[in-house]
Amino acid sequence: MSCPSDKMEKGGATAGAVPAVKKLIPYGGYYTNRTPEHDPEITETDPGTPLGEYMRRFWHPVCMSMELTDTPRFLKILGEELVAFRDGSGRVGLLHAHCAHRGASLEYGAIQERGIRCCYHGMVFDVDGSCLHVPFPKGEEAEAEKYACSIRQGAYKAFERNGLVFAYMGPPEEEPPFPEWEGNFTVMPGDELVPFSNFQHCNWLQVQDNAADNFHTAALHAGKNVVGGHFQGTTFDEVGAASMEVAPDMQFIPVQQGRSLACAGARRSDDQHMFVRVQHQVLPNLSLHAYTSEDGKARKLFSRFNIIRWTVPVDNENSKMIGWRVLGPGIDTRGVGDKDLVGYESIDFLEGQVALRRPQRFGKYSIHDMPPIPSNHREREHYKQAQYAPGDYEAIISQRPIAVHKLENPTKLDAGLYLFRKMLRDAVRGTNPAASPQNFAQWLREIGGAPNSFCSGNVFDLPLAATTEEEIARRRRISRGVVNILIEAESMQGEQRTEFVRQRMEALEREVRGDA
């Protein structure tokens, strides 16, 4: 590619002055060596920030159930220091870490049959934050009871579901329904929700961006880009799903009144089949992923969830990918999923999703253990191996602890993540009333707390078109058609919806193919 060597976007800079322009010239790093501030409006989630207040009005997974042992679990979520535990009666507590009495951390407390006891002076707090016991001297019980009524430990409502602990950290009076996507997360008989939690050493938004960036699979996860043949399981062709490495033609369509985004990608799996994969991004931080190991060799219509994932902010420079991997014959038609690789700091579909590569993750530990997480991606013992074959973890966290959006130079293929950022900004600012926490919660109540998802994997019997122009038109027509069918089916539920969608997809296939 030939580019003008002296191109600049604005006028020059005088000697000794701070460069104020971006010059596109050879060896012109001097003109791009200033790093602007990150965008706090849609990255920072501490208490009192616009995004932090928005996100606190939704349910989030905060840890795995396996993290609740016989000692309290220290957590940081949305910039808050917390302690999670399961008391002797089986109830889950999520409390502010620092005791309301003198500030000692409850991570050193003792779990009780009911609540947790602070190590420092013996105050006992229930899961709702009420003080159950104050150890005053004998004969001063009345004063102790009076004191107990004067304090309350900060607490958040929490519950367990399929190996994950969910919490609501907003005002109790604004608690929304927990969204049961499609009633059962489309888990078919014989399939199961397998929990996982993968720590990310960066801001939550660049992790969420990656889910809307469906084009990166053609580069990051392509076997041809592994350096020197040092394959490590980071690419789709290593798991027999080379169709995922084909560059997709993307269509991004806001749905559900701007509360979510359908990301439809059409690509050739072979000369007879068109693979249309629809990812579903839901405000503020949920992503629903279709089958990750599709080979695209056989017709398949309306395949459902393979990954259900929340990107949960730990603080402004750390986050978690936490959710469920759906495994079993219903979704995993090729039988390549591995439950023994799904859990704490591990997931099975591709290597390179977390700081620890599998030889280190499972060298000393089993999937039932919680190994220490490396604190610096450049100081890992397998750093050089990760350079040979980087995965999503390396690509995402190396964008800086908080990605600087002002330095990006997007293409049209980045439209999905930019559109989702805009939807998030509109929700935080209130410029899309439908996405406000109150209206979001009301929508969930109106539909019985079981919204429909646009997530689907589809393989159409569709031969290669005669010309490149016809092929482009064909793939765009069918991907838009798939999303439109799902929009038509929004008012339907269960089997009625599934049957309607499949019948309409069959008709779409015939129409695009040109059958009489």
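A residue counts as buried when its relative accessible area is under 20%. Cys63 comes out at 0%, so Cys63 is buried. Keep in mind that this is a predicted model. Below is a quick tour of its cysteines, a strand hairpin and a pair of helices.

**Cysteines**
- Cys263 is another buried residue, because its relative accessible area is 0%.
- How many disulfides does a search of the whole structure find? The count is 0.

- Strand E14 covers residues 249–255 and is mostly tucked away, with 5 of its 7 residues buried.
- Its partner is strand E15, residues 260–270, and the two pair in the antiparallel sense over 7 bridges.
- If you want a spot to look at, find Met250, which stands opposite Gly265 in E15.
- Between the two strands of the hairpin sit 4 residues, and Gln256 takes a positive phi near 55 degrees.

**Helices H9 and H10**
- H9 (residues 468–488) packs against H10 (residues 494–513) at an angle of about 155 degrees, and their axes are 10 Å apart.
- Angles over 145 degrees count as roughly antiparallel, so H9 is roughly antiparallel to H10.
- The residues that make the contact include Arg474, Ile478, Val482 and Leu486 of H9, along with Phe500, Val501, Met505 and Leu508 of H10.
- As for handedness, H9 passes H10 in a right-handed crossing.

Key
Residues numbered from 1 in each chain as written. Predicted model: local features only at pLDDT ≥ 70, side-chain atom pairs only at ≥ 80, totals over all residues. Heavy atoms only, no water. Buried < 20%, exposed > 50% of the residue type's maximum accessible area, 1.4 Å probe, protein only. Pairing = 2+ DSSP bridges. Disulfide = S-S within 2.5 Å. Axes fitted to C-alpha atoms, helices over the stretch in contact; angles between N-to-C directions. Parallel < 35°, antiparallel > 145°, perpendicular 65-115°, else oblique. Left-handed = near helix turned anticlockwise from the far one by under 90°. Contact = heavy atoms within 4.5 Å.
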